[in-house]
Amino acid sequence: MPDRDKRILLVSSSGGVLLDLLALQPWWSRYQIVWAAVRAADTKSALSGHRVWWISEATIKRPLRIVVSFVQAWRIIRRERPDLIVSAGSGPAIAFFVIAHVLAIPTFWLSTLNILTTPGISAKICARLAHRVLLQQQSMLKAHPGALVIGELY
């Protein structure tokens, strides 16, 4: 049964993160969703017809972009007032998860298939802040004890 009163914010960069979140469509299609996504050829194409906030790619190597990312995340979260934020990691998700943590908004972090044993810095930060960590690979349980293994999405 659809629950259109629940608002979910999906945060994505391009590539595998986008594919992972799109694979969850049978779940998130029951809710009111909005995307915060890095503008790229695949995100523009795949998210055509969806409500999207275009955000900057954020990396630790470019500190100014991180500041911009926090400003964008704050504006989007305050405007959309999501009940849940979901991401499969990557740099742009960090600002959203930090702000969600401060505002007590639940977050789900989904481990991508390209991470088999050792999570990167974005994954470490987002997983630590997440209310629930979802794994596609059993091998990641050592890195994320207590996470839920949901299996491969595609």
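This is a short tour of a predicted model, stop by stop.

Residue numbers start from 1 along each chain as its sequence is written, and side-chain values use heavy atoms, with hydrogens and water left out. Local features need pLDDT of at least 70, side-chain atom pairs count only at pLDDT 80 or more, and totals for chains, interfaces and linings use all residues.

**Stop 1: the sheet**

Show the strands. Helices (H or I, at least four residues) and strands (E, at least two) are DSSP runs, numbered from the N terminus. Two strands pair if DSSP finds at least two bridges between them. Seven strands make an open sheet with parallel pairing, in the order β3-β2-β1-β4-β5-β6-β7. Select β3 (52-55) and β7 (148-149): these are the edges, each with a single partner strand, so one side of each has no neighbour in the sheet.

Strand β6 (residues 132-135) pairs with β7 in the parallel sense over two bridges. Leu134 stands opposite Leu148 in β7.

**Stop 2: strand β1**

Select residues 7-12. This is β1, and five of its six residues are buried (under 20% relative accessible area; exposed is over 50%, partly exposed in between; 1.4 Å probe, protein chains only). Two strands pair with β1.

- Strand β2 (residues 32-38) pairs with β1 in the parallel sense over six bridges. Val11 stands opposite Ala36 in β2.
- Strand β4 (residues 84-87) pairs with β1, also parallel, over four bridges. Ile8 has Leu84 as its bridge partner in β4.

**Stop 3: the cavity**

Which residues line the largest cavity? Select Arg7, Ile8, Gln32, Ile33, Val34, Arg51, Glu80 and Pro82. β1 and β2 are the elements that give two or more residues to this lining. The largest share, three residues, comes from β2. By type, the lining has four nonpolar, one polar and three charged residues. Here Ala, Val, Leu, Ile, Met, Phe, Trp, Tyr, Cys and Pro count as nonpolar, Asp, Glu, Lys and Arg as charged, and the others, Gly among them, as polar.

The volume is about 40 Å³, and the structure holds one cavity of 30 Å³ or more. On a 1 Å grid over the protein atoms alone, a cavity is a set of points where a 1.4 Å probe fits but cannot get out; a pocket is an open set with protein on both sides within 12 Å along at least five of seven lines; lining residues have an atom within 4 Å of a point. Points join across faces, edges and corners, and a volume is the space filled by probe spheres set on them.

**Stop 4: the largest pocket**

The largest pocket is about 160 Å³ in volume. Elements α4, α5 (91-103) and α6 (121-129) each give two or more residues to the lining. The lining divides into eight nonpolar, five polar and one charged.

**Stop 5: Gly16**

Select Gly16, in helix α1 (residues 16-23). Gly16 is partly exposed, at 35% relative accessibility.

**Stop 6: two loops**

Where is Arg81? Arg81 is in the loop between α4 and β4. Its phi is positive, about 50°, although Arg81 is not a glycine. Arg81 is partly exposed, with a relative accessible area of 43%.

End at Ala104, in the loop between α5 and β5 (107-110). Phi of Ala104 is also positive, near 60°. Ala104 is exposed, at 61% relative accessible area.
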